[in-house]
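Trainee: Could you take me through the helices of this model, one part at a time? I would like a close look at how they pack.

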Amino acid sequence: MEFYAHKREMPDGAIVTQTVREHLVGTAQRAAQCLRQVGLEHAGYLAGLLHDLGKYTEAFQQYLDEGDSTKRGSVIHTFQGCRYLMEQYHRGDIQTISCAELLAFAVGAHHGLFDCVDQMRRIGLQYRAEKQDISYEEAVAAFRQEIPTEEIETLFAAASEEINEVIGRMDRTYDNDREYAFETGLLARLLLSAVIEGDRCDTAAFQIDAHPRVWPEDMAPIWKDRLEYLEEKLQGFPCGTPVEKARHAISDQCRVFAENKPGIYRLNVPTGGGKTLSSLRYALAHAMYFRKSRLIFTSPLLSILEQNAAVIHQYVGDDSLILEHHSNVVQTEPAQGELDERELLVQSWNAPIIITTLVQLLNTLFDGRTTAIRRFQALCSSVIVIDEVQTVPVKMLTLFNLALRFLSEQCGATIVLCSATQPELKDAAHPLPVQPQEIVPWDAELWAAFRRTELHGLPDRRLEELPELIREKMEETESLLVVCNKKNEAAYLLEETRSPDYRSFHLSAGMCMQHRRVVLVSLQKALAQRERVLCVATQVIEAGVDISFDAVLRLTAGMDSIVQAAGRCNRGGASSAPRPVYAVNCADETLGHLRDIQRGKTATLELLEAFRTEPERFAGDLFSSDAIRYYYRALYRDMAEEAQDYPVDQLGTTLFDLMGTNEKYADEDCTDVEGFVLWQALKTAGQEFSVFDENTTDVIVPYGRGKQLITELCSERCRVDPAYRAALLKEANGFTVSLYSHQKKRLEQENALFPACGGCVWVLADGFYDDTVGLIRDQKKQGFMEV
């Protein structure tokens, strides 16, 4: 009997088939390729070879013949490979048991995570190993007809040696059992990611004729070529002013430092110091020296990403090498059973240079969706440049620090932490093992060229008193930027400060990226022509936006935010004397669920008070390195125990626990757990993980070209043409706004949202988007939504 993994109907009605063996081998080869550079090639191959063992059954073949989408996932085909590994190898020494469990998890979870020990104290691997009525014996007998048992034995021995090498390094690294268990969970996730990548790539190649591009095993010649291209362009840069000379010095130091061995490093460059080009130069040179496979650049906001991407495209000089990934327009919930086309369309980071958001990077590390997990393998043997690292939410510092260690020590990644306000990660509850070395050490003379602003703390004001303060400051300057913590504050201040004496502008996350781009062009033109300008914005303007005002007023938040806002003041150094940046506490501000902003604000107020009484302690400068260190120490010190471990209040535990020792569920009531190595509740942790306090949904808005895109996404052609659909979804990235769950629910109640493109995207109805402030609550424009 011939066993098939997939079938599809051609336009002429012919049926094309792929055998199970073809699919298993194709998946195994791709999974092995993903893990080759980190020494887990055989582990990836074996897991890939066993991942769909359950398709060797008459029940699955009948299901495939029926082609009934309503029965999707009705025939279990992932448990059989999991059970095979547990039955054959889950015995003997701890090393063999560990290898069997890790491989079984990668096989059993490739269509969706499961908990090794769940909330009911059930053991996930045991459940899969003992599951009845899955035609297990039939599947194994057919499998052995095509894949000899001796081949599996040889592969398991090689895989066990590879996995034990990684576990041995972890044993030598971690004295803390909780940290060791967490890293073991990341190892399970890494193996799983390779299986998912292999399965999705092979399936996509057959189902929708989408073949992944194959890149050279040795990327060094490509990196060398692009580095020479970059450095030739850099030679044409002027080097006359102090700022220009300082930028050259920073860039040259990055080039020299690239010869240092892989590790975790800091790039602490002042705002305006040419960080993007310097980090690109470092990454290309380091990748060339150490034969890295991929460069990954992350930014915290789309506005920063857009600017950084433009620079990287220009100075790499080959767009075919670059993939931008920064939106979840295609909904990517975990698939149950057979895959659907939505998941096959999602990017897997199969490109030499990835430009993405910090959210996408953190999702890759911790999110529970298979589309996020799939990308984990792409981090291996890479250079990861994390811009504005201080924006990592403090609630997940433990997860972040331990993930950095795993990527560096087990995945062969080099990590560059970029920021003008470097967080003191060595002072975190679970710190990095050593303080990361500075790529460009602090130099008083070098930094002096970038001293363009001076921070002043102002007395508290209520929100209704702020318009008067803004008008006062507008009397003293030609252009003023006001940065608020919430959109409704910005919308209120915009309306209350309008005047015929100057032009008013607004920027917020309630506006789609294309809308913000249009406003920024107009704003930059007005500033360049020295018109009188007031811009009232939220945090979206704080980082990565190349724009300069004569003065800035920032509602008190974390010092990292205030420093970023200051970077929009006197940016080009037009004034030789430092220009004013004001911090004012909005006394009646309620930050609600914006807990990170509240924590930062509290720590900043403590710093401002300390500076008021002892300014000499900080060399009379609130932007000094001593002031920034004081701020971060105050921020971490005042956090409750386990507050950095990603608390999950509704479960009474933390993600650090769930992804590690799982003491919440693997307790004394779980009597059988001692026979198992993996206790992690990775499914529960992945469901609870969100970079921000609430999950968000991207919706396409009717702004400009967005109106036509919405029409086209609802068309018949979009429904039947995958390539056309994919192109529309990509273009729609610039016309989306992210909604918190409570915002989405409220708009649904007002019939302001509707699904399009077969239900894979949400779009906003006409009348709920304003050309000044963006997203609004209702057609009467009553009450602006907090974003």
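**How the helices pack**

Mentor: Start with one pair. Helix H11 crosses helix H12 in a right-handed way. The contact uses Ile250, Ser251, Asp252, Cys254, Arg255 and Phe257 of H11. From H12 come Ser278, Arg281, Tyr282, Ala285, Met288 and Tyr289. Keep in mind that this is a predicted model.

Now the geometry. Two packed helices are described by the angle between their axes and the distance between the axes. H11 covers residues 242-257, and H12 covers residues 275-290. Their axes lie 8 Å apart, at an angle of about 15 degrees. Angles under 35 degrees count as roughly parallel. H11 is therefore roughly parallel to H12.

Turn to a second pair, helix H1 (residues 20-35) and helix H9 (residues 177-207). Their axes come within 8 Å and cross at roughly 130 degrees. H1 and H9 are therefore oblique to each other. This crossing of H1 and H9 is right-handed. On the H1 side, the contact residues are Glu22, His23, Gly26, Thr27, Arg30, Ala31, Cys34 and Leu35. They meet a set of residues in H9, including Leu190, Leu191, Ala194, Val195 and Glu197. Further along H9, Gly198, Asp199, Cys201, Asp202 and Thr203 are also among the residues that H1 meets.

Next, look at helix H4, residues 79-89. Of its 11 residues, 9 are buried, so H4 is largely enclosed by the rest of the structure. The buried ones are Phe79, Gln80, Gly81, Cys82, Arg83, Tyr84, Leu85, Met86 and Tyr89. What covers them? The cover includes helix H2 (41-50), helix H5 (94-108), H6, H7 and helix H8 (149-173).

Two of those covering helices, H6 and H7, lead us to a loop. Serine 135 sits in the loop between helix H6 (124-130) and helix H7 (136-146). Its phi is near 55 degrees, a positive value in a residue other than glycine. Most residues other than glycine have a negative phi. Serine 135 has 29% relative accessibility, so it counts as partly exposed. The C-alpha atom of serine 135 is separated by 6.7 Å from that of threonine 57. Along the chain, these two are 78 residues apart.

Glutamate 388 also has a positive phi, near 50 degrees, and is a residue other than glycine. Find glutamate 388 in the loop between strand S7 (382-386) and helix H17 (397-409). Glutamate 388 is buried, with a relative accessible area of 5%.

Finish with helix H10, residues 220-234. Its 15 residues, at 1.5 Å a residue, should span 21 Å. The end C-alpha atoms are 21 Å apart, which agrees. Which residues of H10 are buried? They are Ala220, Trp223, Arg226, Leu227, Leu230, Glu231 and Leu234. These cover an arc of only 135 degrees around the axis, which puts them on the same side of H10. Pro221 and Glu232, on the other side of H10, are exposed.

Conventions: Residues are numbered from 1 along each chain as its sequence is written. This is a predicted model: local features need pLDDT of at least 70, side-chain atom pairs count only at pLDDT 80 or more; totals for chains, interfaces and linings use all residues. Side-chain values use heavy atoms; hydrogens and water are left out. Helices (H or I, at least four residues) and strands (E, at least two) are DSSP runs, numbered from the N terminus. The expected span of a helix is 1.5 Å times one less than its number of residues. Buried means under 20% relative accessible area, exposed over 50%, partly exposed in between (1.4 Å probe, protein chains only). The arc is that of the directions from the helix axis to the C-beta atoms. Axes are lines fitted to C-alpha atoms, for helices over the stretch in contact, and angles run from 0 to 180 degrees between N-to-C directions. Angles under 35 degrees count as roughly parallel, over 145 as roughly antiparallel, 65 to 115 as roughly perpendicular and the rest as oblique. A crossing is left-handed if the near helix is turned anticlockwise from the far one by less than a right angle, and right-handed if clockwise. Contact means heavy atoms within 4.5 Å.
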